[in-house]
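Open the model in your viewer and keep the selection panel at hand. The stops below say what to select next and what is there.

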Amino acid sequence: MRLRSLAWVAAAAMALPALGCGKGRTTDEILIGEYGSLTGGIATFGISTKNGSTMAFDEINSAGGILGKKFKLLVEDDQSKPEEAGTVVTKLINQNHVLAVIGQVASSHSLAAAPICQANNIPMVSPSSTNPRVTQVGDYIFRVCFIDPFQGAVMAKFATNTLKAKRVAILVDVRSDYSVGLQTFFREQFKQLGGQIVSEQSYSQGDSDFRAQLTQIKAINPDAIYVPGYYTEVGTIARQARELGIPSTVPLLGGDGWDSPKLWEIGGAALNGCYLSNHYSVDDPSPLVQKFVADYKARFKEVPDALAALGYDAAKILADAMSRAGSTDGAKVRDALAATKDFAGVTGKITINKDRNAIKPAVVLKVENGKFVYVETVTP
Amino acid sequence: MNTFLQQIVNGLSLGSIYALIALGYTMVYGVLRLINFAHGDVYMVGAYVGYYLSRKMAGREPSFVSAFIVMLGAMAACALLGLVIERLAYRPVRRASRLTLLITAIGVSLFLENGGQLVFGPDPKFFPSLAPHFDFLVADVRLTSEQTTVIGVSFLLMILLRLFIMKTRTGKAMRAVSFNLDAAKLMGISTDWIIAVTFALGSALAAAAGVLIGMQIPKIDPLMGIIYGLKAFVAAVLGGIGNVPGAVLGGLLIGISEVMVVGYLSSTYRDAIAFGILILVLLLRPQGILGRVQKEKV
């Protein structure tokens, strides 16, 4: 009994100084927390984002930092599990006392962590969650990417104006909010522009045989097929469409869910001549983009995908807001973030609107022999 | 009309995969009265063995010879796997109650699924193309070489199996064991050997199905056996479990009805229909389409 109470005293004695130094440590550093999927099913998303944000903070620090302080980034892995996102963000805020949070790519993860940031008055900037609900959590939650309704509309505009398509078929993943969202907004905009949706077929994430749907679509002979899914299914769909004799003059159209090196591995030549909407293009001749691509390649030995670019922009915008606010206080940074206007990011000129979403252009890319080639920029 | 015929072809190529897997279920049920739930996972292992073998062949041009070698390799590996599963998992509990055997089967299935995720990795893998691709039009219906190969090879294997069961001594012994295991033993048939052969054959057919699906739909993952296994099981029950031609018929029926549902109704009902058919069959004709009524002797 005495031994146990002694142990308690010892533990308390050790814990006290630890508690004490928690707040005091941050005098010459600005602590930023980032949560992302560094392992598990969507690990490439988290790693790309982390690479991008790390690079951005390093650049700011080597230029002298802001407010006389340097940034320190703490990255926590949520193992590709939404419930884990809540746990690690709680730790970042309560234990590490971060002043702002960056994350996540997947909207379901962002939705798990956003209420925690909101409750603690800690600004959260999501680099690439496109589901509209994420920023509706509260006034401390921002994003630097466009949202699903815009992306669907972009492709509808492109199909009408550039491809001159009149009759389009849709093949949608009914199990994904992302895919259904894009379908809804594409259909709306395309009809408004005078086009006609001639067939709507569906599949479920994880399916691997799409011949039945594609046979029906082929019989209708559309000008193009909108497939707003994720790359695994899209690659298979492209391959099976061409096998069934849907000619390569009928392009498949899609969104940023296509953006993966795996897409070409699965679909191969069947994807040539297909189009997708995305956040940025590595071919963009603007010096800002070219410098980012060159620096990223030199540091990480690979071509940065859109997620890396958005991670970079999220970090830069956060730093910009803090320097404009002249403080790292949560409420002041929040107000500065909300006032962001025409910020020149790698992924375009970013303005934050009253719903805390980024208003910015999207690019349309064409698949050509395993590369995404820049076609045009569509502004909101 | 063309669309309809095209859908029939799509259904036949999907259905022959179900049929090949269903054969393994039905054969094992025939000799052991066991629903071998690990069978769908043997099919998954077959697809992976095919994947690694075809990667080994990657330097060579796609040809039917290399496709043939890959398929034989996968079938041999899975036949061996079937033997090992039977020897290590099922034989020790063969005399125990039917429930023990069933639970063992579920255990083996979980072992293969999770072992597969550990060994092959949880991410999907993508089959390289094995055989040269070309397609031809028959009365405006497009047949791809993959679909033709799948349908052709499946039917060839099913005919070979039929010949094996009906014409050879071992086949005759299998039928005897299926009819009455104890009586067959009294007649001097080595039942252990016959059961082992049945497992090897069934697993080899599942491996063939795995490679064929890889040719047609290049995406494979360690959990792919679950839903295919379940549907093939439905096919076996539909045709009359224990009945070899019944399994083929059931597989084709499920494949065609699934494609028709997706094509003319909605993909959301795809699985509902397969299992709806199972419920209907169990209600109206519990012994299956070609199954015979078995009287329980007390």
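Two strands count as paired if DSSP finds at least two bridges between them. Helices (H or I, at least four residues) and strands (E, at least two) are DSSP runs, numbered from the N terminus. This is a predicted model, in which local features need pLDDT of at least 70 and side-chain atom pairs count only at pLDDT 80 or more, while totals for chains, interfaces and linings use all residues. Residues are numbered from 1 along each chain as its sequence is written, and chains are lettered from A and ligands numbered from 1 in the order in which they are written.

**Stop 1: the hairpin of chain B**

Select β2(B) and β3(B), which run antiparallel and are joined by four bridges. D135(B) has T144(B) in β3(B) as its bridge partner. Two residues lie between the strands of this hairpin, and A139(B) takes a positive phi near 50 degrees.

The chain B average is 85, and 96% of the residues score at least 70. Within chain B, strand β2 (residues 135–138) has the lowest confidence, at a mean of 74, and helix α2 (residues 39–56) the highest, at 91.

**Stop 2: α1(B) and α9(B)**

Select α1(B) and helix α9 (residues 224–239) of chain B, whose axes come within 8 Å and cross at roughly 70 degrees. Therefore α1(B) is roughly perpendicular to α9(B). Axes here are lines fitted to C-alpha atoms, for helices over the stretch in contact, and angles run from 0 to 180 degrees between N-to-C directions. Angles under 35 degrees count as roughly parallel, over 145 as roughly antiparallel, 65 to 115 as roughly perpendicular and the rest as oblique.

Show side chains for the contact (C-beta atoms, placed from the backbone, within 7 Å). Among the residues on the α1(B) side are Y18(B), I21(B) and Y25(B), and those of α9(B) include Y228(B), K231(B) and F233(B). The contact of α1(B) with α9(B) divides into 10 nonpolar, two polar and one charged. Ala, Val, Leu, Ile, Met, Phe, Trp, Tyr, Cys and Pro count as nonpolar, Asp, Glu, Lys and Arg as charged, and the others, Gly among them, as polar.

**Stop 3: α10(B) and α11(B)**

Move to α10(B) and helix α11 (residues 270–284) of chain B, which pack at an angle of about 140 degrees with their axes 9 Å apart. The two helices, α10(B) and α11(B), are therefore oblique to each other. I254(B), S257(B), E258(B), V261(B) and V262(B) of α10(B) meet R270(B), I273(B), A274(B) and I277(B) of α11(B). That contact of α10(B) with α11(B) has six nonpolar, one polar and two charged residues.

**Stop 4: where the chains meet**

Which elements give two or more residues to the side of chain B that touches chain A? First select the whole contact, in which 19 residues of chain B meet 19 residues of chain A. The elements are α1 (2–32), β3 (141–144) and α10 (244–265) of chain B. With five residues, α1(B) gives the most to that side. The predictor gives the complex an ipTM of 0.71 and a pTM of 0.73.

**Stop 5: the sheet of chain A**

Select the five strands of the open sheet in chain A, which follow the order β2-β1-β3-β4-β5 with parallel pairing. Its edge strands, each pairing on one side only, are β2 (70–77) and β5 (141–143) of chain A. The twist averages 25 degrees from one strand to the next. In chain A, I102(A) stands opposite V125(A) in β4(A).

Notes. Two residues are in contact if their C-beta atoms, placed from the backbone, lie within 7 Å. pLDDT is the predictor's confidence in each residue, from 0 to 100.
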